[in-house]
Amino acid sequence: MTLSRTAKILLSLVALLAGAFIYVPLGVILINSFSADRSLTWPPSGFTTEWWGKAIDNEGVRSALWTSVWVGLVATAMALVLGTLLAFALGRYRFFGRETVSLLVVLPISLPGIVTGIALNNVFTSFLGGLTIWTLIIGHVTFCIVVVYNNAIARIRRMGSSLEEASADLGASSVRTFALVTFPMMRSAIIAGAILAFGLSFDEIIVTTFTAGPGITTLPIWIYQNLFRPNNAPIVNVVAAMLVIISIIPIYVAQRVSSDDERGAGVM
Amino acid sequence: MTTTMTPAPRGGFGYRHPRMRLAGLLTPPMLWLVVIYLGSLAALFLTAFWSINDFTGQLVRTFTLDNFIEVFTNSAYYVVILRTLGIALLVTLTCLVIGLPLAFFMARVATPRWRPLLVALVLTPLWASYLVKVYAWRAMLQPEDGVIAWFLSPLGLGGPGYGFLGIVITLSYLWMPYMILPIYAGLTRMPESILDASADLGAQNGRTFRSVVMPMVFPSIVAGSIFTFSLSLGDYITAQIVGGKVTMLGNVVQTTYVTNLPFAAAVATIPVIIVLLYLFAVRRSGALDNL
């Protein structure tokens with residue numbers, strides 16, 4: 001449809017305001033990380049880079065970062081296997097209960113995190129004898145499966161099976177077909193799913209609170225513990241700013257790998 | 001081959017023993033999702049019908065509806081339920097009011113060259129840490145020295161401070177991209193020819209929007225609302241950080257689950273039932289394929 005000039009200007013204005021709504025808080029985080037004040041005061045009375053140095057040297061921040069990365073990598077690897085298997089099962093077969101299964105996969109991200117959190121906490125402490133780093137990883141895998149699955153099944157539906165048939169007709173074994181035909185076509189979808197799964201795991205706070213063993217501190221847990229401690233406000237500000245900057249990386253990678261997708265939002 | 005299975009597509013997979021292949025593919029993820037996840041949920045809901053011995057603090061494993069009766073008759077709790085529902089609805093509405101025009105701008109006003117950049121700009125905050133974003137709003141909303149209070153003070157106005165409004169704003173901010181992206185995807189999938197046809201038949205922009213665009217993006221809006229609604233229902237951290245004294249359902253669960261797990265389980269059942277009813281209601285709209 002041809003929008004009138006007024007409609008276009010109005011829409012652009014709304015988009016501009018929405019953009020400000022989205023970006024002003026992130027900008028405030030970045031500016032606050034250089035604030036010379038020890039509390040969340042606006043406007044900052046002065047600027048310093050002192051807290052950046054202190055945050056980078058902070059032992060608690062460093063070890064929390066490594067815990068988060070390790071948990072994220074293991075959970076992503078497990079979710080990749082489970083999610084991709086599920087995508088092939090649901091994308092290539094028609095069977096009784098298929099709709100129910102597709103509903104079950106989205107359940108862990110559709111239900112509130114606190115429900116998943118206390119449900120797993122209850123079972124882990126009652127039957128597994130307590131919480132460890134592995135109960136935390138199990139918790140994360142549960143909701144990471146769906147993002148891997150979503151990306152994989154979208155690709156499976158779109159690529160069809162004619163190329164694989166051609167490969168089989170030409171005499172390739174199943175393994176060979178998978179390695180030379182299926183996997184290369186799936187690769188970018190799998191990478192996108194992996195980035196999303198890692199991002200979800202890295203960021204998760206609620207399920208983490210309820211499934212992490214005592215003393216296991218991921219980065220979100222560290223921030224949460226220090227959020228209300230006035231003395232640590234400047235360090236929390238810097239860690240927050242770092243996370244805002246880091247969050248640009250997955251976007252960049254995802255845009256690169258999904259550039260062959262016709263829809264730009266391939267990572268959703 | 002059984003009647004439950006149409007012939008599998010031929011190819012690398014599922015071509016000699018389709019049922020075995022299917023079983024092999026399905027078993028590991030289903031073991032995980034059914035045994036670990038559904039099993040835990042089932043155990044939790046079973047616990048909701050048990051109780052705690054007031055003196056010993058031990059679980060009493062006899063069936064009782066007391067927890068649910070308490071939740072729905074004690075005004076302290078049903079007010080929280082209604083407040084949480086209100087917050088979730090307001091958040092969904094806010095996301096829609098801001099997200100729909102923004103998505104429309106991205107899909108239909110911006111030139112195709114700008115679209116990937118705009119999508120990236122909307123996606124970037126989605127990747128920024130949840131806690132960082134809530135923390136940002138703590139700085140924004142702070143009653144005395146917050147950014148909003150500072151911005152409004154020349155007008156003689158104060159900021160909203162921490163509380164109900166603060167929670168609604170923060171949650172809307174958090175879940176906004178979940179609303180924008182499905183709508184944007186739905187709008188870009190819509191063929192230009194349909195809009196032209198509508199215009200050729202004499203419809204004004206408003207009419208085309210109501211009769212053509214809205215019905216087509218409706219499933220996308222519903223898909224987005226699943227996130228904005230259910231994520232808001234279960235949140236408790238936002239209320240802790242920017243809610244002041246205002247509590248939500250999640251806060252009740254979080255504060256009671258150590259001392260009284262059956263009661264916490266009963267409270268946790270409420271958002272689950274609401275979300276399941278919602279998912280069930282929208283299943284036919286095709287929204288789930290848009291997730």
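Predicted model: local features only at pLDDT ≥ 70, side-chain atom pairs only at ≥ 80, totals over all residues.
Figure 1. Residues 24 or more positions apart account for 66% of the contacts in chain B that have a separation of 6 or more. Chain B is built from 12 helices and two strands. Starting at the N terminus, its elements follow the order α-β-β-α-α-α-α-α-α-α-α-α-α-α. The radius of gyration of chain B is 24 Å, well over the 19 Å that the globule rule gives for 291 residues, so chain B is more spread out than a compact globule. Its C-alpha trace spans about 75 × 75 × 35 Å along the principal axes.

**Figure 2. The surface and the charges of chain B**. Among the 291 residues of chain B, 53% are buried. The chain exposes about 13200 Å², and carbon and sulfur atoms supply 66% of that area. How many positive and negative side chains does chain B have? There are 17 positive and 10 negative ones, and the centres of the two sets lie 15 Å apart.

**Figure 3. Chain A, a chain of helices**. Chain A has 12 helices and zero strands. Reading along the sequence therefore gives the pattern α-α-α-α-α-α-α-α-α-α-α-α, with helices and strands taken as DSSP runs. The C-alpha trace of chain A spans about 70 × 65 × 30 Å along its principal axes. Of its 268 residues, 57% count as buried. In chain A, residues 24 or more positions apart make up 69% of the contacts with a separation of 6 or more. The mean positions of its 16 positive and 13 negative charges are 5 Å apart.

**Figure 4. A salt bridge within one helix of chain A**. Side chains of opposite charge can pair when their charged atoms come close. A search of the whole structure finds three salt bridges over all chains, and this view shows the one between Lys54(A) and Glu50(A). The closest N and O atoms of Lys54(A) and Glu50(A) are 2.8 Å apart. Where do the two residues lie? Both belong to helix H2 (residues 50–57) of chain A, four residues apart, about one turn of the helix. Lys54(A) has a relative accessible area of 41%, so it is partly exposed. Glu50(A) is partly exposed as well, with a relative accessible area of 39%.

**Figure 5. A buried salt bridge between two helices of chain A**. Here the side chains of Glu164(A) and Arg92(A) meet in a salt bridge, at 2.7 Å from N to O. Glu164(A) lies in helix H7 (residues 162–169) and Arg92(A) in helix H3 (residues 59–92), so the pair ties together parts of chain A that are 72 residues apart in sequence. Are these two residues buried or exposed? Both Glu164(A) and Arg92(A) are buried.

**Figure 6. A salt bridge between distant parts of chain B**. Arg108(B) and Glu192(B) form a salt bridge, and their closest N and O atoms are 2.7 Å apart. Arg108(B) sits in helix H3 (residues 75–109) of chain B and Glu192(B) in helix H8 (residues 192–200), so to speak linking distant parts of the chain, 84 residues apart. Arg108(B) is buried, with a relative accessible area of 18%, whereas Glu192(B) is partly exposed at 39%.

**Figure 7. The surroundings of Asn32(A)**. Asn32(A) is found in helix H1 (residues 5–32) of chain A. With a relative accessible area of 6%, Asn32(A) is buried. Which residues does Asn32(A) touch, not counting residues up to four places away in sequence? In chain A they are Leu40(A), Thr41(A), Trp42(A), Pro44(A) and Asn237(A), and from chain B there is Ala139(B).

**Figure 8. Leu86(A) and its contacts in both chains**. Leu86(A) belongs to helix H3 of chain A. Its relative accessible area is 0%, so Leu86(A) is buried. Leaving aside neighbours within four places in sequence, Leu86(A) is in contact with Val101(A), Val105(A), Ile145(A) and Tyr149(A) from chain A. From chain B, its contacts are Leu25(B), Leu26(B), Pro29(B), Met30(B) and Leu33(B). Leu86(A) and Cys144(A) are 58 residues apart in sequence, and their C-alpha atoms are 13 Å apart in space.

Notes:
Residues numbered from 1 in each chain as written. Chains lettered and ligands numbered in written order. Heavy atoms only, no water. Salt bridge = Lys/Arg side-chain N within 4 Å of Asp/Glu carboxyl O. Buried < 20%, exposed > 50% of the residue type's maximum accessible area, 1.4 Å probe, protein only. Rg over C-alpha atoms; globule rule 2.2 N^0.38 Å. Contact = heavy atoms within 4.5 Å. Areas by Shrake-Rupley, 256 points an atom, 1.4 Å probe, with all protein chains shown as cover. Lys, Arg positive; Asp, Glu negative; His and termini not counted. Charge placed at Lys NZ, Arg CZ, Asp CG, Glu CD.
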